[in-house]
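Visitor: Could you walk me through this one? I'm new to reading structures.

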Amino acid sequence: MRILAIISASLVLMLSAIVSADEPLHVRIDTLIEAAAGGTVAPVADDAEVLRRVFLDLAGRIPSSEEARAFLNDSAADKRAVLIDRLLASPEYSRRMRDAWNVQFMERAGEHEEWLRFLEESFAANKPWDKLVREILNPNPDDESSRGAAFFLTKRLENYGQQPVDLPGLTRDVGRLFLGVDLQCAQCHDHLTVDDYKQIDFQGLHTFLSHATIRTDLKFPAVGEKVVDKKTEFMSVFVKQPHKTGPRLPFGTEVEVPTFAKGEEFAVAPDRKVNFPGKPKFSPLAILSEQLPTSTNSLFVRNAVNRLWCQLMGRGLVHPLDLHHSGNPATHPAVLDLLATEFTQHQFDIKWLLRELALTRTYQRSSRLPTGSDREPPIDKYMVAIEKPLSTEQMLMSLLQATGEASRLTATIQVDGKAKPNPAYEDLRKRFVAAFANPPRDPEVEFAPSVKAALFLSNDAKVLELLKPREGNLAEQLSKETDARKLAESLFLSVLTRSPTADEAEAVTQFVAARKQQPGQGIELAIWALLSSTEFCMNH
């Protein structure tokens, strides 16, 4: 292991020497990725492929046919950078990030209106990553703009039936999602397969969280803390030797637990009349929020950039995302080091980092194999673009966009001058979640096609209703088109963001013509066929 570490460190130094600090980050990333490729990389994708990919990743949907035509007809040399900047500045970006990170943080375990608003407003304001995490780990109930952050903790502090609160699960999730280390198997003993993960790492992190409670005196999600007046006692199931620890970040330094005279433990005393639990003077959550999300915590920084890299590239530099340790090094250590350094130097600016990643050739590379390749290159070399499954939310928004129903089935409607959830949209969204989303607490990282999802697109009445002609929608527009070639062109551009090949155009023409005796049916089935295709369901 030591020899491998020395070789890895030497390689990082060699690769780092070939990049210039004067170059933009996206140029330096490409230099490092291509130097380590060990073979021919795919060329940059054509405009149609990049257009669809950028819209899905930054806006959460495919482009409309009008947006596609405008971009494809634009001859400006910088049009891709202009598109990326426009989408990052749009309201759709914050909604896309809300949806993506709600799934990452909560893993379909539940939703809350204030939590979703907290995420969306945070991304809209481009809140620095360290501040966002700090507000999640120690939510302030007195700050209306951020108090929804408490849902991350309160949902995990709930009781399920007769089961006790899953505090070990909460400890595991904080380690996984904010530090990239899954310490679950180190709860009762040192990890059996990961030498870096020790029992004290789990127990120290657990001590930060084990006294957290749900406040019952407030109507919105809020977290309280019980008094912590002693260290956590633990013992390995293998080595019967008692140990103690105060709050301690994994691989970090223990926090001393202070002692107070009886009756002096609280900064704000409890009030039983209103069920206020009081505010202890010693707050492990406050210390956790101060110590964990910092530029000096390399685990925190590397986990953040690794997850943002995965969001755009389809795979982490460290993969799985929550197994950062010496036995599972980054595929490109120099790139991970560079991203971590630049992210901290730019004050955890999420938009800046996503923009730089989207501008890389690595991100804009074609998903087709390089010319002359007779086999698929290793997925972790980034020699071709990695195909990513559309998330449930991307699938829903893209299907509405493709069918021309997005303006009718909006997420909210105005009721008495206020934005309220649209019942029709919510019904459809819940159907999509049931069909496409993973079970609760199951991370959505890998592509997991299912018979249930396929049957949903084929049989769900609400989905099939979107394919029927309605004023202004795709089916209605295509039904008025008398030119077979233009019909095929509009169909493919609306659904797949590209023009059809000659064979595809001919197939559509014959398919629709063969069903002239049943007006509209051929068009509806043609739309359904493209929506059900692997090409539509993947971000490629």
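Guide: We will talk about a helix and then some aromatic rings. This is a predicted model, in which local features need pLDDT of at least 70, side-chain atom pairs count only at pLDDT 80 or more, and totals for chains, interfaces and linings use all residues. Residues are numbered from 1 along each chain as its sequence is written, and side-chain values use heavy atoms, with hydrogens and water left out.

Visitor: How many residues does helix 3 have?

Guide: Helix 3 (residues 47–59) has 13 residues and reaches 17 Å from its first C-alpha to its last, close to the 18 Å expected at 1.5 Å a residue. Helices here are DSSP runs of H or I with at least four residues, numbered from the N terminus, and the expected span is 1.5 Å times one less than the number of residues.

Visitor: Is it buried or exposed?

Guide: Twelve of the 13 residues of helix 3 are buried, so the helix is largely enclosed by the rest of the structure. Buried means under 20% relative accessible area, with a 1.4 Å probe and protein chains only.

Visitor: What comes after helix 3?

Guide: Glycine 60 follows helix 3, and its phi is positive, near 80°.

Visitor: New topic: how many aromatic pairs are there?

Guide: A search of the whole structure finds 16 aromatic pairs. In one of them, the rings of phenylalanine 432 and phenylalanine 456 have centres 5.0 Å apart and planes at 80°, so the pair is edge-to-face. Rings of Phe, Tyr and Trp (its six-membered ring) pair if their centres lie within 6.5 Å, and planes over 60 degrees apart count as edge-to-face.

Visitor: Where are those two phenylalanines?

Guide: Phenylalanine 432 is in helix 18 (residues 423–436) and phenylalanine 456 in helix 19 (residues 451–459), 24 residues apart.

Key: Buried means under 20% relative accessible area, exposed over 50%, partly exposed in between (1.4 Å probe, protein chains only). Rings of Phe, Tyr and Trp (its six-membered ring) pair if their centres lie within 6.5 Å; planes under 30 degrees apart count as stacked, over 60 as edge-to-face and the rest as tilted.
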